[in-house]
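Dear colleague,

Here is the structure I said I would pass on. My notes on the strands, the domains and the ligand follow below it.

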Amino acid sequence: MIIGGGMSGLAAALRLIERRRECGLDLDVRLLEAKDTVGGSIETQTRDGFLLEGGPDAFITAKPWAIALCRRLGIADSVIQTNEKHRRAFIVRKGKLHPIPEGFVLLAPTRIWPFALTRLFSWPGKLRMAMDLVLPRGPRDSDQSLGDFVRRRLGRQALERVAQPLVSGIYASDPNTLSLRATMPRFLELEARHRSLILGMRAGQKAAGENASSDSGARYSIFVTMRRGMASLVDAVAGRLPDGTVRTGCPVVRLSPHIGGSRWSVEVEGVDRIDADGVVLAAPAYALADMLGRGAPDVAAQMQDINYASTLTVNLAFNRQDIAHRLDAFGLVVPAVEQMAMIGATFANVKFPGRAPEGKALIRAFVGGALNPWAFDMDDREVVRRVLSELRDLIRVRGEPQFWTIHRWPRAMAQFPVGHLDRVRRIDELLGAYPPAATAGNAFAGGGVPDCVHRGESAADNVLQRVMSGRA
Ligand SMILES: Cc1cc2nc3c(=O)[nH]c(=O)nc-3n(C[C@H](O)[C@H](O)[C@H](O)COP(=O)(O)OP(=O)(O)OC[C@H]3O[C@@H](n4cnc5c(N)ncnc54)[C@H](O)[C@@H]3O)c2cc1C
């Protein structure tokens, strides 16, 4: 039984169906989803020739699991890359747009001249960042916040003006609480190995360049999406599940182990109980905590403490001529110190082909998050008024949008505070004392679509293994 029909739960269901077929197993796989549709925070709409993404609009290929899933589904030719032109982003500083200096990789610069010439940082700020070249390594093995890490290695300007807005655009989080180990362990490894982040990243780029030149296979850009929108990935997975596997409109209200037994009792609102040999827990942690409150109170207590941020996206459709800016980038991010409602905005028709008709522009604003919770609480008209006013200043929007749509995502983005991985480990250990169960879902996976696919698949394998060894 899989609880929750977002990307995590769907990936788990598909994995079980694949295993059933490959190994000829006697398995009855069901997925219970509270809402009337599957996909969770993935939602694509079309309107007047625009393709509107309500939730994720892309996924990274450096984590290979989503692209591998597309290949298994036979839809790899529907995966499209970002446009070749204008592969860069702006950062807002004092109400103006500045390109992120070429060679800047999330937290640190790797190329000297673009970094030296940028007006994003003051000279003392640049010198402080260059100190990364000589600073000693920090503490090993301990988790630390991304904010502490960047301040220590590169200084306050690097954090406030680049790292914070870029990281907020991904995790909608406060970098001062965000666990580096849970989100970007690569930077910890770089420090451990090379001491300096700048030197470590330059060495990595050199090695990648050498590998790339000897690699003859098809290569994807870092971010890709689905030609007909992210929902087509959801549809492709759901379409592979045999009839009767997915039950929508089935909110699970209670999940308890049979006393002294090896099975779970799953109680669905308004429906009889269903017994399950094993469960994949792919709903948000707070929903799981409610379900498990009586049956597994120790697990529920740990899950209850996992926080989520609320965000919303606003898609604004324009006539291209109503925006004076050249839109020569994929979008912009806004540092918290700028005190705007937007965390960032994507110039969707510049980033990917087929997002807007000829002569039109599609701007997708990302609003709210842990640092701007007040922005989520505004009503729809107020949100659009604020976003439009911010866009008027930044990209010189002159007219009214042709239309706009809002997607609200209350408590959809799990937060990963320092120590989060220990909590997840503890939950996994505690679950070992119950009938077969494993956690999936973005709170346990690491945030993005590829992580959710990976964790969903591993949770399915884990539960299946325990169920089968119980039968043997
Ligand atoms: C606005 C936004 C933009 C994003 N952008 C990106 C991006 O560009 N790239 C990227 O890789 N990732 C992005 N993400 C993150 C990514 O979308 C999510 O991490 C991923 O889709 C989460 O999938 P999930 O299945 O873990 O959770 P969800 O999608 O939240 O699914 C959980 C499901 O559980 C169901 N459920 C809840 N309670 C119950 C219950 N009691 N019984 C049964 N079912 C229940 C819910 O209805 C839901 O369908 C974004 C997220 C948001 C919100």
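Ser265 stands opposite Asp275, a residue of β15. The strands concerned are β14 (residues 264–268) and β15 (residues 273–276), which run antiparallel and are joined by four bridges. Together β14 and β15 form a hairpin, with four residues between the two strands. In the turn, Gly270 has a positive phi of about 70 degrees. Please keep in mind that this is a predicted model.

Next, the sheets. One of them is open and has seven strands, in the order β8-β7-β18-β19-β20-β17-β21, with mixed pairing. Its edge strands are β8 (96–99) and β21, and each of these pairs on one side only. On average, neighbouring strands in this sheet are turned by 25 degrees against each other, direction ignored. At the β21 end of the order, β17 and β21 pair in the antiparallel sense over nine bridges. One of the residues involved is Tyr308, whose bridge partner in β21 is Ala414.

Another open sheet consists of three strands in the order β5-β11-β6, with antiparallel pairing. Here β5 (59–60) and β6 (79–81) are at the edges; each has a single partner strand, so one side of each is left without a neighbour in the sheet. Two bridges join β5 to β11 (residues 223–226), and these strands run antiparallel. Ile60 has Phe223 of β11 as its bridge partner.

On helix packing, I looked at α2 (residues 65–73) and α18. Their axes are 7 Å apart and cross at an angle of about 70 degrees. That makes α2 roughly perpendicular to α18, because angles of 65 to 115 degrees count as such. From α2 the contact takes in Trp65, Ala66 and Leu69, and from α18 it takes in Val449, Pro450, Val453 and His454. By class, six of the contact residues are nonpolar, one is polar and none is charged.

As for domains, the assignment gives domain 1 (2–37 + 231–307 + 416–471), domain 2 (102–213) and domain 3 (308–414). The centres of domain 1 and domain 3, taken over C-alpha atoms, are separated by 34 Å.

That leaves the ligand. Which domains each supply at least three residues to the shell around the ligand? They are domain 1 and domain 3. There are 36 residues around the ligand, and Gly4, Gly6, Gly40, Pro56 and Gly448 come nearest. The elements that contribute two or more residues to this shell are α1 (7–23), β17 (308–319), β21 (403–414) and α18 (449–471). By class, the shell holds 19 nonpolar, 14 polar and three charged residues.

Best regards

Terms used: Residues numbered from 1 in each chain as written. Predicted model: local features only at pLDDT ≥ 70, side-chain atom pairs only at ≥ 80, totals over all residues. Near = placed C-beta within 6 Å. Nonpolar A, V, L, I, M, F, W, Y, C, P; charged D, E, K, R; others polar. Domains from an automatic or database assignment. Pairing = 2+ DSSP bridges. Axes fitted to C-alpha atoms, helices over the stretch in contact; angles between N-to-C directions. Parallel < 35°, antiparallel > 145°, perpendicular 65-115°, else oblique. Contact = placed C-beta atoms within 7 Å.
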